[in-house]
Amino acid sequence: MTTLAHTLTDSRTMFRRQLLHLRRYPSLTVMLIGLPVIFLLLFVYVFGGAVGAGLGGGRDAYVDYLTPGILLFTVAGAVAGTAISVAMDMTEGIVDRFRSMAIARASVLTGHVLGSMVQIFIALFAVLGVALLIGFRPTATPLEWLAVAGVLTATSFALTWFAVALGIVADSVETASNTPMFLSLLPFLGSGFVPTDTMPTALRLFGEYQPFTPIIETLRGLLLGTGIGNSAAIALGWCAGISLLSYVWAKRKYNKRAAS
Amino acid sequence: MSTTVTTRPAVSVAGLRKSFGTKTVLDGIDLTVTEGTVFALLGPNGAGKTTMVRILATLLEADGGSIRVAGHDPVREADAVRAAIGLTGQFAAVDKLLTVRENLRLMADLNRLGRTEGRRRVDRLIQRFDLIESAPKPVSQLSGGQQRRVDLAMTLVGNPRLIFLDEPTTGLDPRSRVEMWQIVRELVAEGVTVFLTTQYLEEADQLADRIAVLDHGRIVAEGTPDELKRQIPGGHLVLRFADPGALRTAAAVLNVTNRDENALTLQVPSDGDIASLRAVLATLDGVHVAPDHLTIHTPDLDDVFFAFTGNPASTDEETR
């Protein structure tokens with residue numbers, strides 16, 4: 001077999017390992033669904049009337065505005081689970097076993113990334129289902145839905161690799177569960193929950209230039225037909241950049257960390 | 001013990017050095033492990049045993065020296081070394097969230113054994129390691145001894161010809177320890193080479209064909225268990241007598257000077273076997289003196305270190 005074939009076989013094996021973890025411990029997935037659903041309900045029913053009025057619609061208009069941001073919030077929260085499970089591997093003996101076997105080096109990490117993406121998509125489907133139940137009315141065509149799936153895949157891929165790197169550099173499982181938390185704040189500090197133009201200048205500028213805003217704007221445009229402009233290109237650029245840097249960072253730290 | 005003598009070494013190391021920052025952990029190690037034998041690296045915590053194993057198992061790069069493991073260089077030909085070796089570390093390297101069978105399956109898949117051959121080998125190991133009942137249970141539910149067995153079984157899925165066992169019985173209860181020893185003996189009988197680290201002289205004595213004593217990053221003694229034990233004066237009998245008269249008589253006939261007049265005890269060098277015990281008692285019988293009490297002291301790690309370094313075993317933390 002060639003090296004590439006080995007890499008694929010080993011990655012598939014490690015992916016299967018992560019799927020077993022998912023199946024054996026569904027409580028983590030439930031938690032990763034629970035938090036965004038609570039935020040969705042909280043924002044729609046507590047703040048939705050007032051904020052929706054400000055947007056010139058009402059509660060229903062706010063469900064539509066909010067859902068793309070909540071989807072991203074779901075992804076950002078779910079990758080904390082990735083960091084935790086990577087850190088668990090790193091702090092237990094199993095990583096030494098993998099590293100002393102003649103297997104493709106990155107397959108352990110690839111397995112984590114693929115497993116987490118499955119988990120993220122389960123969570124996304126659940127959250128989207130709740131949003132539809134409480135009045136989210138997307139206007140997307142099948143093709144646009146496909147694009148939505150694509151953007152969410154690219155985003156999940158990027159953030160998962162980032163979380164893998166955070167999980168490797170964390171010196172304990174506790175640290176790994178805390179460091180990705182700032183990601184969950186980013187949808188708030190952008191156009192996820194309210195439009196950025198009501199924010200103070202410094203915050204507005206940050207909100208407009210941080211990676212989550214173009215991703216949210218792209219999702220919103222695809223789902224609801226609002227203007228996308230160059231957001232899609234910027235969003236994909238961010239995803240590609242974050243994926244690449246995180247991959248290189250994660251791989252280097254994996255080789256080094258496990259060697260000390 | 002293996003009776004086949006081959007000349008090709010499974011491991012050969014010359015002038016190996018490794019430091020972490022300013023701390024020198026391994027300071028010029030030379031050793032050779034013959035194929036099909038058990039080699040024990042004996043030393044206290046902090047001697048550098050784990051570092052040594054990690055270097056040989058490709059997990060860590062040495063600073064200097066030449067190393068061949070299964071005929072390959074662990075840095076330049078890491079994958080060739082990895083394909084030939086198996087590593088069972090001090091801490092069970094198992095996936096605690098998976099069941100015993102799933103852990104073994106994972107190893108079979110990573111060794112790319114294919115479905116049929118993988119299943120066959122997993123079933124055989126489950127049987128051999130007495131894990132039939134635990135097979136469907138998550139590893140986290142097993143005892144420490146069982147987890148260590150799963151760990152070793154995982155190492156064996158790939159059929160390695162050279163196995164590194166880093167303190168395989170540390171923290172195990174006596175029964176699990178004896179079971180682990182039995183497994184190691186069976187492996188050697190099949191022709192596997194075992195490189196073992198341990199803190200216990202008894203373990204090295206039970207299992208090893210050759211023992212190297214590691215202290216502060218240097219090998220301070222090397223040889224067969226018998227060769228080493230002959231140099232260790234630690235084994236002795238302590239005889240306690242009822243009165244000073246009996247003590248003096250016994251000391252005279254046994255020709256020993258090491259006596260404690262207050263405790264009424266006499267220390268007689270002995271390796272603790274029945275024959276030497278009989279001889280001592282027979283000598284005492286000859287002069288009609290009988291000890292009140294007798295204890296046998298077998299040499300331990302401290303005696304080894306006293307014999308070879310003049311210091312008791314160091315106890316600083318193991319450096320990883």
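How many residue pairs are in polar contact between chain B and chain A? The count is 12 residue pairs, both partners at pLDDT 80 or more. This is a predicted model. In it, 30 residues of chain B touch 29 residues of chain A. The rule also finds 6 salt bridges across this interface.

**Size of the interface**

- The size of an interface is often given as the accessible area lost when the parts come together.
- Chain B and chain A bury about 2600 Å² between them.
- Carbon and sulfur atoms give 54% of that area.
- Three residues of chain B stand out: B:Leu97, B:Leu110 and B:Arg112.
- Together they supply 28% of the area that chain B buries against chain A, more than any other three residues.

**Charged pairs**

- A search over all chains finds 25 salt bridges in the whole structure.
- One salt bridge joins the side chains of B:Arg112 and A:Asp10, at 2.6 Å from N to O.
- This pair crosses between chains.
- B:Arg112 sits in the loop between α3 and α4 (115–128) of chain B, while A:Asp10 sits in helix α1 (residues 3–24) of chain A.

**The side of chain B that touches chain A**

- Four elements of chain B each supply at least two residues to this side: α2 (78–84), β5 (85–88), α3 (100–110) and α5 (144–156).
- The largest share comes from α3(B), with 6 residues.
- By class, this side has 14 nonpolar, 5 polar and 11 charged residues.

**Chain A: spans from the record**

- An unreviewed UniProt entry lists "transmembrane region" for chain A at residues 25–48, 68–88, 109–134, 146–170, 182–203 and 223–250.
- In the model, residues 109–134 of chain A are 96% helix and 0% strand, and the end C-alpha atoms lie 37 Å apart.
- Residues 182–203 of chain A are 32% helix and 0% strand, and their end C-alpha atoms lie 16 Å apart.

Notes
Residues are numbered from 1 along each chain as its sequence is written. Chains are lettered from A and ligands numbered from 1 in the order in which they are written. This is a predicted model: local features need pLDDT of at least 70, side-chain atom pairs count only at pLDDT 80 or more; totals for chains, interfaces and linings use all residues. Side-chain values use heavy atoms; hydrogens and water are left out. Contact means heavy atoms within 4.5 Å. Buried area is the accessible area (1.4 Å probe) that two parts lose on being put together, summed over both. A salt bridge is a side-chain nitrogen of Lys or Arg within 4 Å of a carboxyl oxygen of Asp or Glu. A polar contact is a pair of N or O atoms within 3.5 Å; within protein, one must be able to donate a hydrogen and the other to accept it, and residues adjacent in sequence count only if both atoms are side-chain atoms. Ala, Val, Leu, Ile, Met, Phe, Trp, Tyr, Cys and Pro count as nonpolar, Asp, Glu, Lys and Arg as charged, and the others, Gly among them, as polar. UniProt positions are given in the numbering used here, feature names are shortened, and annotations may be inferred rather than shown by experiment.
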